[in-house]
Amino acid sequence: MSYLTDAARAASREAHGEVTVPGQMFDAIVAANPARRTLFKNTMALSMLSIFGASALTACGGDNDNTPPAPDGGGTGGGNNGGGSEVPAGPDYSVTFTPLGNKIVADTVTVPQGYVAEILYSAGDQCVIGSVGYSGLPQVHPATELQAGSQHDGMHYFAIPGVDPNKRGLLAINHENLDSKILGFTGGKYSAATATDVEKKTALSTVGVSVIEVERDASGKWSVKPSAYNKRYSGNTEYKVSGPAAAVVGASVIGTLNNCASGPTPWGTYLTCEESTDNYLDPTQAEEGYGWVVEIDPLNQMGTPTKRTAMGRFDHENTAYMLDDANRVAFYMGDDGTPGCIYKFVPRKAYDPANRAANFGLLDDGTLYVARFNGDGTGNWIELTQGKNGLVAGATDPGNFTQLATGTVISGTLVDFNTQADVLIKTKAAARVAGGTLMDRPEWITVGGDKTIYCTLTNNSSRKRTDAANPRTSNRHGHIVRWTETGNSPLATTFNWSLLLLAGDPSIAAANEKGNIVGHTFSSPDGIRVDPQNRLWVQTDAGTGSSTTSIFGNNSMYYVDQATGESKRFLVGPVGCEITGIGYTPDLTAFFINIQHPEGAWSTTAGWPARSATVVVRRTDGKPVGA
């Protein structure tokens, strides 16, 4: 979640008693820290992840890179959650790039020598066939409904049946918020309170999802191809509602928004995650319609995109799945709240690899769990089912008590959980009642080939009460937690965990901001992905003020060695941006990366405002990225 999204949601959150705390706005992370030192030493050295298949690809939010294509050809790209199928002998993927230097603040996308970063798809570009792209003048609805949305975030690369995926495929891209500088709003900014009907439709049309077909030419350069696959799903689109809470929410909802990260399914659909539990762009819509995982089929075989209520309602960041040999699957999810919990959803039935269509309702029936991280390095998945674990009428929700000083009385709030719909609509409260651990802003989750699971915890500057999994008060720079399920099973109800690293920099005076990163330091880890060759990539969403960039430089992307913990800076973004979204071709010769909300002069066209964009990073010699 970008700091611009923080600002957009602040009024709505505070109206509901969810105060936007200092330090959640990223420019505030430079405030002084308490002089309390918390030391944490990594307790477990990770073994190198096992090699797993490269039949598919992934991007922001879900990592099932070894996911086999569906039998009808509708395979997912995939991240790395499916568990360790081997790849044929081929190129050497050992990391050999020359890392970038420290404190880079150039207003461009900086990559290592021998690489290029080429703009592919910018906010306002043509999407749907027949659309008119941005040409330097403010855009308004209905033109914006058919163009590229704004603030590119999570994404995933999907194979097209019968097509070489190293040369052509589909990118599904989330659009989190507004690139207001290219939109026709009165005074240049959007206000839901004063917006005209056209302004409201314009704002809603620029969030959601793009699906585009992309193609590589003989020189290696990628471009967007005019295609019947190209489609927009926006805040004005109608979505079906399914699952246990549908009877309360309604059969359909208009709009999706705050589409942050995402993930694929084993059957090749795209899960876009709503990171807001209300529609702050159009407050006339009922809040219960938002905060869900939305399933979209890039191949257009599933029908109407659907909000899957069985997976819970909270500030969803992404999804990542683990699949076992019996095709049982679990989807892992983080609540990007300050603080928030970590969840998993286990469908009741197994995935059917022989019948793609049979899986289209799989996410409507299953069990939702919240994670509890115990102080001894063990953990439990607590079932969030009405009537169990305190989820009854008259339950007491302790609230976000980690933000209260030790010794402060926690009074709690009475909450009624009379039905499973109550549990799912009020998932945040249900998780706290059941005893889930409040984590420091859980964002992306990724599952490696050896089934080690990683989650970025971006920051929580207002934490007052610590625990083993969140060991720092005033956690301004965040950390990364990892765990393994008992028996490496997606069905497990217990796990073992440790911290991979604490972000920060030794030059910072405050002891609890120094971190323990080996190599290139960073703040506020957000995006994370283990690619099909077992290489861990981390992206940052730190503050963009000079007191932050003077330590860390602009937001960046890093390779982190799981065995040694060494961090190497691979890419640095332009001024003011967040680096987000990771997708790649199966041969890893092209990485798709998103540059969100650049604020300087970096631009896709000289003289135009800087726009959010997807860039393609590749080696000029055609070899795999990173190698």
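Trainee: Is Asp297 buried or exposed?
Mentor: Asp297 counts as buried, at 3% relative accessibility. Buried means under 20% relative accessible area, exposed over 50%, and partly exposed in between, with a 1.4 Å probe and protein chains only. Keep in mind that this is a predicted model, where local features need pLDDT of at least 70 and side-chain atom pairs count only at pLDDT 80 or more, while totals for chains, interfaces and linings use all residues. Residues are numbered from 1 along each chain as its sequence is written, and side-chain values use heavy atoms, leaving out hydrogens and water.

Trainee: Okay! Which side chain does Asp297 meet in a salt bridge?
Mentor: That of Arg356, at 2.7 Å from N to O. A salt bridge here is a side-chain nitrogen of Lys or Arg within 4 Å of a carboxyl oxygen of Asp or Glu.

Trainee: And what does the pair tie together?
Mentor: Arg356 sits in the loop between β15 (342-347) and β16 (366-373), and Asp297 in the loop between β11 (293-296) and β12 (306-308), so the pair links parts 59 residues apart in sequence. Those strands (E, at least two residues) and the helices (H or I, at least four) are DSSP runs, numbered from the N terminus. Arg356 is buried too, at 3% relative accessibility.

Trainee: How many salt bridges are there?
Mentor: The count comes to 22. Among them, Arg476 pairs with Glu513, with the closest N and O atoms 4.0 Å apart. Arg476 is in the loop between β21 (452-457) and β22 (479-485) and Glu513 in the loop between β23 (494-502) and β24 (518-519), so this pair joins parts 37 residues apart in sequence. There is also a network of salt bridges linking Glu295, Arg308 and Asp364.

Trainee: New topic: which peptide bonds are cis?
Mentor: The one from His141 to Pro142 is cis, with omega near 10°, and Pro142 is in the loop between β1 (115-122) and β2 (152-158). Another cis bond joins Thr338 and Pro339, with omega about 5°.

Trainee: What about phi of Gln151?
Mentor: Gln151 has a positive phi of about 45°, although it is not a glycine. Most residues other than glycine have a negative phi. Gln151 lies in the loop between β1 and β2 and is buried, with a relative accessible area of 1%.

Trainee: Last one: where does Asn534 lie?
Mentor: In the loop between β25 (525-530) and β26 (536-540). Phi of Asn534 is also positive, near 70°, and Asn534 counts as buried at 4% relative accessibility.
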